[in-house]
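Try each task before you read its solution.

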Amino acid sequence: MEENCIHISKELPVAFGSFTKQENWDYFFTLKGVDDFSEWYADWPQLRTLLRNNLSFPPPPEELNILVPACGNSRLSENLYDDGFRNIINVDYSKVVISAMMKRNLRGRPAMKWRVMDMTNIQFENGTFDAIVDKGGLDALLESELDSRSGILYISEVKRLLKAGGKYICLTLAEPHVLGLLFRKFRFGWKVNLYAIAQEPSSGTTKQHTFMLVAEKYILTVVSQVTSFMDEYSVESHGYQVQKVFEALERENTVRAEYSNGADIWYSLEDLKQGVKGDIREIEPGRAVKLFLGEPGVSRFFYTGELLDAERGLAPFSDRFRVVVFRKAQTCQKMLAIELPKWFLVGTLKASRLLMIVLDSSHSNVTWDDIVKGISCFVKQLTPVETGYEINHVASTCGDDLVDGVKQRNIVHEVKTALSGTIYVEDVLLDMHPPKHIIFRRLCFERTESWVHSEVLLSAQGPNETSGQVEDKKGPAAFRTRKKGKQKKIDSHSSGSHSESSSGQPKFERKVTVRGYHQGLIAGLLLFSVYSKRTTSAGGLVKTVIIGLGSGALPMFMRSCLPTLRIEVVELDPVVLNVASEYFGFTEDERLKVHITDATKFVREKANSEEEGNNSFKVDLLIIDVDSSDSSSGLISPEADFVEESFFLAVKDSLSDKGLFIFKLVSKFPSVKGAVYSKLKRVFSNVYHFYVDKDFVEIIFALKKDDPVIAENELAEACDALARSVEHNSQGWAKRALHNSKLIKPLP
């Protein structure tokens, strides 16, 4: 049969419906049959050379592990198999097509495997594949420009499944919203090439051109330019489409240049072995080296960290060489960014050499045994002469607990969702001086770079105690350490960890803000409200939107302590709402509502409300409280999509005239923060900031009004006015807000 490449819309039935529904694909393939097909996008002769070139890396072709998602009835994997690539697994949502393709290839290609799977939730271990070859799968997921959730989940799976040095090969029509997502999601730690597929004029191909984007899993600390390969025929024959691709490419490379400027210097193990920082086999007191570990074909994963050789004054040493693994990227990156704490840790561990290794979101669900196996060969090469080495690991968060001062922890609940990954609820007892029995309940997302999203103070309030005063009490009945692997869920209502209400729910201190970010946020909210002499606009209430529910600690505190707010929370995952309600006592009422929807879509609807004559939908206060789930963005907080210039524009349009936009900015790379500043200042003129957590966490405040720009003396006057307004408020949060408000400065 002649294999023609035709446009999808001509190939599908008129009443096909959504591209993301399994029953629609079953209907489609039942209607057509497996042998009645036409290749979408490009034929094998046009793909063969490019595919072979991009699949030419160790191991040899017959040993490469290749995944073909959304395989359909395409002959692509059959052609790859016949060309020498034998370890191929095909997955598709449709049981009909998988069954048919399995029967078709059972005798002729017996080693090829077929699985029914949702490509946004692929059931294979991290670091399984050398290559993922996608022919139109991402395009189908992103058929609707308004909803990118499925595409984001799928790309997260791609990143998780690829080995170090592995490649994602995506055949696409490169529509702007598809190419934009690909560029954003493959920035830090990926080499990206973009090809235009050569097509024969006589082959009856679609008017739309086909492109191949190849993203190679590379070193996490590197941002490289996207390299394009376009021939003259591509430009001349597909002028408008290719022009749009060139425009998107130019914009993306401009962004990547901003990210690269002033980047920290990170060294590979090979660099160190060649002596760029002295003889690495000898301890050199005071030496500190930021490094990345990992090698394609040798290790499944890449790692980042820092090597520290202790000063002589810290002797005597109990260990020659100590390795500490950090699960929470934010904890360790804070250590890497601030000089004093990391050297303090060296002294605390009494190690003459300390290697701190960071696990990020790409290592979620990886067992500790796999981590040890992955880093062992690198650790041995960093071991000083005549020294053994020890990996200090009591639990997967042992390094984090050392820094955070966690004495004991109790996992109260664990649940896994398709949208958020694994979610933990844990009660932690801090190692405090002098000793106090104070317990915090935390919400943790395993996929996010910060790990701990929010926490609340469990109340120990008795008949003679006042809110916020917590006395030492008998310890909890069942504290234990979190370990990787399957967890035993403990019922929060019977754990005996702290005092409970008559309903069985633990009591929470609602008028205490635990997170430094939340304390700084409240300070800025009050300060700029006083400055602008904000008048309420929603029936006497300030319309407030918080993106990201988490435990509900922030909106519950704001409802309790700031009665002039009417709060709407936007949360993507309904399971998060269930966890907040059941384990953190979150409740809704007339002043606090939750919307389960996509945040970007929600903000854009608010932004477009004025055009539709609904100016009353505008927002007075918009807060982002979402951490990054993608290490390749270079961000720990917020999610990368929320610092794109297009999103900033939508935010500004969604705000009322006196509107205020607040978000937390955390990154391990100064260049990333600089790029965010640049994009932010192109949209907002009145921008201010405030540092918390030893200057590692930065809170950004942006006013809708471009002028007049607030001078520092005017900020000081607003602080004085704020002091007068809270002088009769004796609660701790008000005093902290007044103190923090004086530290808010214009963003340089």
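**Exercise 1.** How many aromatic pairs does a search of the whole structure find?

*Solution.* Begin with the ground rules. This is a predicted model, in which local features need pLDDT of at least 70 and side-chain atom pairs count only at pLDDT 80 or more, while totals for chains, interfaces and linings use all residues. Residues are numbered from 1 along each chain as its sequence is written, and side-chain values use heavy atoms, leaving out hydrogens and water.

Next, apply the rule for a pair: rings of Phe, Tyr and Trp (its six-membered ring) pair if their centres lie within 6.5 Å; planes under 30 degrees apart count as stacked, over 60 as edge-to-face and the rest as tilted. The search gives 14 aromatic pairs.

**Exercise 2.** Describe the pair formed by Phe557 and Trp733.

*Solution.* Step one: the centres are 5.6 Å apart and the planes make an angle of 90 degrees, and the pair is edge-to-face.

Step two: find the partners in the chain. Phe557 sits in helix α17 (residues 553–561) and Trp733 in helix α23 (residues 732–741), 176 residues apart, and the pair links distant parts of the chain. Helices are DSSP runs (H or I, at least four residues), as are strands (E, at least two), numbered from the N terminus.

Step three: Phe557 and Trp733 are both buried, where buried means under 20% relative accessible area, exposed over 50% and partly exposed in between (1.4 Å probe, protein chains only).

**Exercise 3.** How do the axes of α16 and α22 cross?

*Solution.* Axes are lines fitted to C-alpha atoms, for helices over the stretch in contact, with angles from 0 to 180 degrees between N-to-C directions. Helix α16 (residues 516–532) and helix α22 (residues 712–725) have axes that come within 9 Å and cross at roughly 100 degrees. The two helices are therefore roughly perpendicular (under 35 degrees is roughly parallel, over 145 roughly antiparallel, 65 to 115 roughly perpendicular, the rest oblique).

**Exercise 4.** How do the axes of α19 and α20 cross?

*Solution.* Helix α19 (residues 599–607) and helix α20 (residues 645–654) have axes that come within 7 Å and cross at roughly 45 degrees. These helices are therefore oblique to each other. Their contact includes Thr600 and Val603 of α19, together with Phe647 and Ala650 of α20.

**Exercise 5.** How many helices and strands does the protein chain have?

*Solution.* The count is 23 helices and 27 strands. Of the 748 residues, 58% count as buried.

Notes:
Contact = heavy atoms within 4.5 Å.
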